[in-house]
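Please study the sequence and the structure before reading each solution.

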Amino acid sequence: MTDTEALRLDGVRKVHGTGDNQVIALAEVSLSLAAGTFTAVMGPSGSGKSTLLQCAAGLERPTAGRVFVAGRELAGSETELTRFRREHVGFVFQQFNLLPALTVLQNVTLPVRLAGKRVDARRVAEVLDQVGLGDRLTHRPQELSGGQQQRVAIARALVTSPSVIFADEPTGALDIRSARAVLKLFQQSVRVYGQTLVLVTHDPIAAAHADSVLFLADGRIVGHLVAPTAEAVAERLTHLGEDLAGKGV
Ligand SMILES: Nc1ncnc2c1ncn2[C@@H]1O[C@H](COP(=O)(O)OP(=O)(O)OP(=O)(O)O)[C@@H](O)[C@H]1O
């Protein structure tokens, strides 16, 4: 493991259910992502993308294999895992997951307060400016557009400067313009601020904002594209479909 490795999976396998109901969501996945990189994860529905993200983020425990975030293995009690996630992992989901009763400022500072840390007002102001919401601090989520709500969720993920941010279909509920703004913000957080980001998406245009794309099929990594264009991603996805059809899946 190098100093600059933000995420590492060694032979991660995840099986859901038991007996006849067993589903192998991840067959065997190993990967290493350097700090300060932006990686998209793509693949057909059911290929294991969300499971990969959940295991990598310590939200689910793998059936076998090991996960390391910033050099530390995700293991131990639920309490230890929760504490580790609060400090080292950020999340952005399709449905924003903001607390409706809290203001923008309160939503963004919640992870810091939950971790029992002092809120660094300068860091919070910097992040809210970065996402373009410095003038919306006292608004509640329902007073904001979908794109603005997602930018609050991104600020909430950025504020603790986590080792990795995991985003699961973060533009899925947004119109094209808001989606583009969110993707630009992700790029900026990586290129300017050195954030490490893993993005699960179905959209080749979204994936093209990343530095590289990992393709999953049947719970395995079956391809890797560096400096992706939307066209190259779409083309590769089509061939994944052919490969699966060829195997009778
Ligand atoms: N809690 C669970 N119990 C049983 N099976 C599950 C569970 N979660 C996921 N699976 C199965 O594991 C496989 C991988 O699911 P996963 O959600 O990771 O795929 P995905 O690539 O994210 O799919 P999508 O693009 O449709 O969101 C699927 O066959 C799914 O049905």
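**Exercise 1.** What percentage of the contacts in the protein chain with a separation of 6 or more is accounted for by residues 24 or more positions apart?

**Solution.** The model is predicted: local features need pLDDT of at least 70, side-chain atom pairs count only at pLDDT 80 or more, and totals for chains, interfaces and linings use all residues. Residues are numbered from 1 along each chain as its sequence is written. Two residues are in contact if their C-beta atoms, placed from the backbone, lie within 7 Å. Among contacts with a separation of 6 or more, residues 24 or more positions apart account for 69%.

**Exercise 2.** Determine whether helix H1 is enclosed or open.

**Solution.** Helices (H or I, at least four residues) and strands (E, at least two) are DSSP runs, numbered from the N terminus. A residue is buried if 20 or more other C-beta atoms, placed from the backbone, lie within 10 Å of its own. H1 covers residues 49–56, and six of its eight residues are buried, so the helix is largely enclosed by the rest of the structure. Among the buried residues are Leu52, Leu53 and Cys55. After H1 comes Gly58, with a positive phi near 75°.

**Exercise 3.** Which element gives the most to the shell around the ligand?

**Solution.** The surrounding residues include His16, Val23, Lys49 and Thr51. Strand S2 (23–34) and H1 each supply at least two residues. H1 gives the most, with three residues.

Conventions: Buried ≥ 20, exposed ≤ 12 C-beta atoms within 10 Å, placed from the backbone. Near = placed C-beta within 6 Å.
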